[in-house]
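User: I would like to learn how to read strands, sheets and helix packing in a model. Please take me through some cases.

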Amino acid sequence: MDPAVFAVDADELRRLEECAKEPIRTPGLIQSHGVLLGVDPGSAVVVVASENAREWLGRPIGEVGSGSLEYAARTGNAVDPVRVDWAGQPADAVVHHVAGLAIVELEMVVVGNEYVRTGVVGAIQRLSVVTSIADLRREAAVEIRTITGFDRVMLYRFHDDGHGEVVAEARDPELEPYLGLHFPASDIPVQARELYLTKVSRSIVSTSDPGIPLLALGDSRVLEDARLLDLSQAELRSVSPYHLAYMRNMGQASTMSLSIVDQGRLVGMITCAHRTERRLPVLLRRSLEVLATQISMQLASIGEIERLRHAVEVRERRAALLAPLYASDDIPAALLGGPKTVLDLVPADGVVVRIDGRARVAGRVPPRRDFERVLEILDGAGFSSECLRLDRPDLADLLPEVAGLLVIPLDAEGDTLAFFRGEVAREIGWLGDPGMTNRADDLSPRTSFSAWRRSVRDRSEAWGTVLDEAGELGHELQTALQRRAEARLAELAMRDSLTGLHNRRYLVERLENPDPVGPDGKALLFVDLDDFKRINDDYGHDVGDAVILEVARRLLAHSRATDVVVRLGGDEFVVLCDGVRGADVRTLAGRIVEAVAAPIVVGAQVVAVTASCGLVVADVGAPRSGLLEAADAAMYRAKRAGRNRVSD
């Protein structure tokens, strides 16, 4: 059975609803191995007592004979626990305050276990050096079983849907293993989990204990009905009959549980179980609470370190993937065609990248018409599912081979990333059949807890952290596309719209550089077409544009690879030459003039045009300003000398 399906099962939801109605905070009973007294702090008189201490109703707490206990009852300040003599036996007294009362709980000292708690210090030291979550869970179970002597110690992890899983176990070899088995959320319902957030430990000494009722002093001005007393923080709070039956069905006579809390959330538990009655002393339980807190913090720290390490790796891979986009004219190809692709960031069986109306696919994807129809239905919205058949049957019908779908919209124009995962059939083991066939009635606990295994179908691997990582990829891809578009606009502002060459604005910015000419030297060739107006007048502007394009091509072809060809506008061009020291710039200029003079064929027309070229070579250390004007003047000297030549 699929845990996600069972989480919304009608019977399971009804059990959770009924559990929520049970008054587990105010049961009106305590466990019978102890005594509870409710003391009015003002008068120090006992106004509530468990039935096994009813004779103390109306008596001052000072009659116990412990000044420390009386002080604790009056002030709420206490050593935890306070050692007292009760009915001729040593007892540990624990004090807390609730509803205007000082609650005094007394437990007889457990003979022989007085110093067992010292083993906790060694356990903390040994566990503190463990650096993996799996190892910490496993070793913690072993350490706690060694300290407590319980038959079985289990660590639970709660999944997002509320159900739990046994992720570590230390047990008597005679017991059936529970490691890896799952259990439904109703085993530990929401209201019980809330209690574990405020009270780290919970001890149930006997599953056959009917409990002892609480009594209240009739004329008490604090509390008239002991059944209303909130026992949320009480050590001795009695147990839900449902839970007692659950424990008995598991073969448990005693249990002790500890909370695993992360940032205010109950993320797991440590549960100790014994086949016979077993009671741990108060000080040992307090020590185990410290150990459980240490384990909680260590699990959170290891998890955060692993998360940060993974985040850094993902960020580096994402940066490497996106870097080539700025220079690419085909974004889908850049995302899918390199040594690392988008599938290295978002593991999936296949992906569709749709950008600027062009779609490219990689891996195993549905037919184009089917995934396009799905994207049309989603209408630009993001979407994720690990079980499409359960979450969106309509989409599953269109994509019968797809179990997991993740769609990341990139903009409002339809740019999208869509990832597809196929079914991963797997077997889930349950701690007993969670269904109705394993229960006496709808609300009863399971009667058997033997491993119950079923195959889960129609589900892909969980997306997990990939959801956030894919979202970050989508956001950064949006940013990259936007910056690329901005860079393209900026580049277009520096380009001539007809020829694609750099334009006057580009040249001006280059020459406005305040740095002087470097040691490699610089030259500037000013090329002006001779009598170009005649070509426009005789052949028309279309032919004129074709001539300009051909001249631009020839200038590029006969310049050096390091030179920059600029169209200033109209029929004027500039060739900007860097690194000219030792070069024959005049020969370069002559070659360009000669190339322009070759006949140009435009359709059925053969057009002849020549060019005059002004040449300026700047001295090393000379300013860049004035170069364009000097080259322009040299070009006019070439025209006056007869055109179709070079002048300096």
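Analyst: What follows goes through a strand, a sheet, a histidine and a set of helices. This is a predicted model, where local features need pLDDT of at least 70 and side-chain atom pairs count only at pLDDT 80 or more, while totals for chains, interfaces and linings use all residues. Residues are numbered from 1 along each chain as its sequence is written, and side-chain values use heavy atoms, with hydrogens and water left out.

User: How many residues of strand S22 are buried?

Analyst: Helices (H or I, at least four residues) and strands (E, at least two) are DSSP runs, numbered from the N terminus. Buried means under 20% relative accessible area, exposed over 50%, and partly exposed in between, with a 1.4 Å probe and protein chains only. In S22 (residues 522-529), eight of the eight residues are buried, so the strand is largely enclosed by the rest of the structure.

User: Which residues of S22 are on each side?

Analyst: In a regular strand, side chains alternate between the two faces of the sheet. Here Lys-522, Leu-524, Phe-526 and Asp-528 are on one side. Ala-523, Leu-525, Val-527 and Leu-529 are on the other. Both faces are covered.

User: Which strand does S22 join through seven bridges, and which through eight?

Analyst: Strands of a sheet pair through backbone hydrogen bonds, either parallel or antiparallel. The criterion is at least two bridges found by DSSP between the two strands. Seven bridges link S22 to S24 (residues 572-578), antiparallel. Lys-522 stands opposite Asp-578 there. Eight bridges link S22 to S27 (residues 611-618), also antiparallel. Phe-526 has Gly-614 of S27 as its bridge partner.

User: What is the strand order in the open sheet of five strands?

Analyst: The order is S15-S14-S18-S17-S16, with antiparallel pairing. S15 (358-363) and S16 (383-385) stand at the edges with a single partner strand each, so one side of each is left without a neighbour in the sheet. Neighbouring strands are turned by 10 degrees against each other on average, direction ignored. Ser-385 has Leu-405 as its bridge partner in S17.

User: Which helix lies across S14, S16, S17 and S18?

Analyst: Axes are lines fitted to C-alpha atoms, for helices over the stretch in contact, and angles run from 0 to 180 degrees between N-to-C directions. Helix H14 (residues 466-493) lies across these strands, at about 30 degrees to S17.

User: Is His-182 buried or exposed?

Analyst: His-182 has 7% relative accessibility, so it counts as buried. His-182 is found in strand S9 (residues 182-183). A polar contact is a pair of N or O atoms within 3.5 Å; within protein, one must be able to donate a hydrogen and the other to accept it, and residues adjacent in sequence count only if both atoms are side-chain atoms. One of 2.8 Å joins the side chains of His-182 and His-163.

User: At what angle do H5 and H8 pack?

Analyst: Angles under 35 degrees count as roughly parallel, over 145 as roughly antiparallel, 65 to 115 as roughly perpendicular and the rest as oblique. H5 (residues 133-148) and H8 (residues 282-322) pack at about 175 degrees, with axes 10 Å apart. They are therefore roughly antiparallel.

User: What does Ile-133 touch?

Analyst: Contact means heavy atoms within 4.5 Å. Ile-133 lies in H5. Not counting residues up to four places away in sequence, Ile-133 touches Leu-299, Ile-302, Gly-303 and Glu-306.
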